[in-house]
Amino acid sequence: MSPTRRALLSSAALGAVGALAGCFGGDPADDSDPVARSSSAPGTDTDPTVLKVRNDWREPVLVEAGSGGEDGTDGGVAPDDDASGDDADGPTGVGRELVTTAGRAARIRAAPGVADEDRRRVRAFLDETDYDAETVYVAPAGVRSCQRLEIHSVSWRPGRVEYEYCRELRPPDAACEAGTRVTLALLFRLPVVLDERIRGSGSSGRSPCRTTDTEYSVIEGNATVPGNATATDEWGDF
């Protein structure tokens, strides 16, 4: 039986749509297109993988490769202050962004002032991310030297990422100096592929933390104690 006029018209219309799709970027499911691979669904991770790295106040934690240090080593603030790292005489700081490719990750390093061990952790964190299934969200932040941030959750939706945190005292054996501040870089590994464009971000939190495992409430007023600790939640806190 010959096809009806309605069936022929429907077939022709589908062919035209397919041709237009080819003209305007090809198959939407093509994995070579990062926008096509990105997720438009919002989500929340209540146990996020996050790397927290410190540097001196007003110095960037993360920088563009080649902008500082002999080997291009590099290494960006929210809960309290904003450290831009835009000093024309210093390395180019990396601010708030979504890292969506291994190529971009390779351009980000810990700044020269960051401890060698922490520099290696930054490199490992970025290199071990699977950018076909994950995205790294970089968020600059700042705290007092004797405080630390506990990250409770991170949420995302198209063009925006937010996280929740609380502040508490660092352990007595962690290096700190009362009355001073430090710059932080928070690197979240999000379990989703996101578009690299970010149009908004946010953070909310409280101080002190309502619940904590720490058994101390005071650190000596002007104490500077030895030690250095920067780690992901899975490796420990700082």
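## Threonine 129 and the two sheets

Threonine 129 lies in the loop that links α4 (116-127) to β6; helices (H or I, at least four residues) and strands (E, at least two) are DSSP runs, numbered from the N terminus. The structure is a predicted model, in which local features need pLDDT of at least 70 and side-chain atom pairs count only at pLDDT 80 or more, while totals for chains, interfaces and linings use all residues. Residues are numbered from 1 along each chain as its sequence is written, and side-chain values use heavy atoms, with hydrogens and water left out.

Is threonine 129 buried or exposed? Threonine 129 counts as buried because its relative accessibility is 6%; buried means under 20% relative accessible area, exposed over 50%, and partly exposed in between (1.4 Å probe, protein chains only). Apart from neighbours within four places in sequence, threonine 129 is in contact with Glu134, Val136 and Arg189, where contact means heavy atoms within 4.5 Å.

Strand β6 belongs to an open sheet of four strands in the order β2-β9-β6-β4, with antiparallel pairing; two strands pair if DSSP finds at least two bridges between them. At the edges stand β2 (49-56) and β4, each with a single partner strand, so one side of each has no neighbour in the sheet. From one strand to the next the twist averages 30 degrees. Helix α4 packs on this sheet and touches β2, β6 and β9, and its direction makes about 145 degrees with that of β2. Axes are lines fitted to C-alpha atoms, for helices over the stretch in contact, and angles run from 0 to 180 degrees between N-to-C directions.

The pairings of β6 can be followed in turn. Strand β9 (residues 181-190) runs antiparallel to β6 and is joined to β6 by 10 bridges; here arginine 144 stands opposite arginine 181 in β9. Strand β4 (residues 97-99) is also antiparallel to β6, through three bridges, and glutamate 97 has valine 138 in β6 as its bridge partner.

A further open sheet has four strands in the order β1-β7-β8-β10, and its pairing is mixed. Its edge strands are β1 (43-45) and β10 (200-206), each of which pairs on one side only. Neighbouring strands of this sheet are turned by 25 degrees against each other on average, direction ignored. Within the sheet, 10 bridges join the antiparallel strands β7 (residues 147-157) and β8 (residues 160-169), and arginine 148 stands opposite glutamate 168 in β8.

As a whole, the chain has four helices and 10 strands, which follow the pattern α-α-β-β-β-β-α-β-α-β-β-β-β-β along the sequence. Of its 238 residues, 40% are buried. The chain exposes about 12,800 Å², of which carbon and sulfur atoms supply 48%; accessible areas come from the Shrake-Rupley method with a 1.4 Å probe, and for residues only the protein chains shown count as cover.

Confidence remains to be considered. The mean pLDDT of the chain is 74, and 61% of its residues reach 70 or more; pLDDT is the predictor's confidence in each residue, from 0 to 100. Over residues 4-32 the pLDDT is below 50, and this stretch has six contacts in the model beyond near neighbours in sequence. Residues 68-76 also have pLDDT below 50, with 36 such contacts. Where pLDDT is low, the predicted coordinates should not be read in detail.
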